[in-house]
Amino acid sequence: MSAVPRESSVQWCYRFSLIRGGSVLNVSQRDPVVSIVIVGYNSGHLIQEAVKPFLGDPRVEFILVDNASSDDTLSQFASIGSGSPSVIVERSNNGGFAVAVNEGVERASAPFVLLLNPDASLSLQDLFLLVSDFDSEQSAIVGPMVGEQNAPTTTAGYYPSVWRMAMHATGLSRLGGFVPVFRGHYILRNDVLGEVRAVDWVTGGCMLVRRDTWNRMNGLSERWFMYGEDIEFCTRVRRSGLSVILDGRVRVDHSVGKSTRGVDSQLSTVWLRNLYEVYCVTSSPGLIRRELWKWTVSAGFLLRSFVFAALSKLDLTRDANDQHSRKARRFWHYSRTFCSESEQWPPA
């Protein structure tokens, strides 16, 4: 792949660079404000739409880390042009989200780093609205509201304690907007709409971080292939005395978990297992608290499954009954996540 140089009228100099085996070729760039790190895996159909809002803006640089895609992810990214500084890190294997992100951030040159999923849509205006939230030295991480368009929750919220997860699993968290004690692991979208507030965590699917904070915290933990590393990272940042901010003025549509869902019998429970590990790693609970977390969450999902199974038997429309039946099967599957495992401690 050849480098394509282009100079602007303000003497910014950009080149398209390619990293293979750790070597950087033809890199020349000056002082971007935000480094956007995108991890691609067979994301060729998404890459151009993800970067389109930022093309040509000298305040932004792109870093694509490709996790050994078998499609045209690399060529699609290469074809976006050279209006902004761009770097490709081409991995020989798929090491997971955290490994790829850490490698990408190593190449970043801007003071802020945006982790952006290829299927998440963010405008240039909203990006710099998020940057403006770093109004004090205590602000270390900022995220927008991320989630499916009609979802009642956003992928940000509270630490996964036993109580928060019990509220989430049973569905009682839906009452959290009226009675704060019922708030669960996720924040209700309507509770934060239009507001800027401190939270315990925001999703790594669209997370803006000070690069000096990232370096001080040594980036994401690589113990998980995917899911949980963003919550663990936010927990470390908060415990260092810094703040995690959710900006409810900015909304990013993203089909959360879409790539890990199949038919009901093959629903992924990786997110739940990893969330349990995050709780264990960050809280160092004893045996009783570990078991309480697992079985409280399991019982909550089981109860929720029974509720939707009963609703599916009511004389409602066919679509409503089918929807309730699918939810009953999903929550039943979640309730059995920890039933057949023999736990190692500490987790491997």
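Author: Let's start with helix H11 (residues 318-335): it has 18 residues and reaches 26 Å from its first C-alpha to its last, close to the 26 Å expected at 1.5 Å a residue. The expected span is 1.5 Å times one less than the number of residues. Helices (H or I, at least four residues) and strands (E, at least two) are DSSP runs, numbered from the N terminus. This is a predicted model, where local features need pLDDT of at least 70, side-chain atom pairs count only at pLDDT 80 or more, and totals for chains, interfaces and linings use all residues. Residues are numbered from 1 along each chain as its sequence is written, and side-chain values use heavy atoms, with hydrogens and water left out.

Reader: Which residues of H11 are buried?

Author: Buried means under 20% relative accessible area, exposed over 50%, and partly exposed in between (1.4 Å probe, protein chains only). In H11 the buried ones are Asn321, His324, Ala328, Phe331, Tyr334 and Ser335. They cover an arc of only 145° around the axis, which puts them on the same side of H11; the arc is that of the directions from the helix axis to the C-beta atoms. Arg318 and Asp319 are exposed on the other side.

Reader: What do the buried residues of H11 pack against?

Author: H9 and H10. Contact here means heavy atoms within 4.5 Å.

Reader: On to charges. How many salt bridges are there?

Author: The general idea is that side chains of opposite charge can pair when their charged atoms come close. The rule asks for a side-chain nitrogen of Lys or Arg within 4 Å of a carboxyl oxygen of Asp or Glu, and the count comes to 10 salt bridges. One of them joins arginine 223 and glutamate 277, at 3.1 Å from N to O. Arginine 223 lies in the loop between helix H7 (211-216) and helix H8 (229-239), and glutamate 277 in helix H9 (residues 270-283), so the pair ties together parts that are 54 residues apart in sequence. Arginine 223 is partly exposed at 35%, and glutamate 277 is partly exposed at 21%.

Reader: Which residues are linked in a network of salt bridges?

Author: Asp133, Asp247 and Arg249.

Reader: Which residues make the nonpolar surface patch?

Author: Patches are made of residues with over 30% relative accessible area and no salt bridge; like charges are joined within 9 Å, nonpolar side chains (Val, Leu, Ile, Met, Phe, Trp, Tyr) within 5 Å. Areas come from the Shrake-Rupley method with a 1.4 Å probe, and for residues only the protein chains shown count as cover. Here Trp163, Leu172, Leu175, Phe178, Val179 and Val181 make a patch of about 590 Å². Valine 181 is in the loop between helix H5 (162-170) and strand S11 (186-188), and is partly exposed at 47%.

Reader: Last one: is serine 43 buried or exposed?

Author: Buried, with a relative accessible area of 6%. Serine 43 is in the loop between strand S5 (34-40) and helix H1 (44-51). Leaving aside neighbours within four places in sequence, serine 43 is in contact with Asp71, Thr73 and Pro118.
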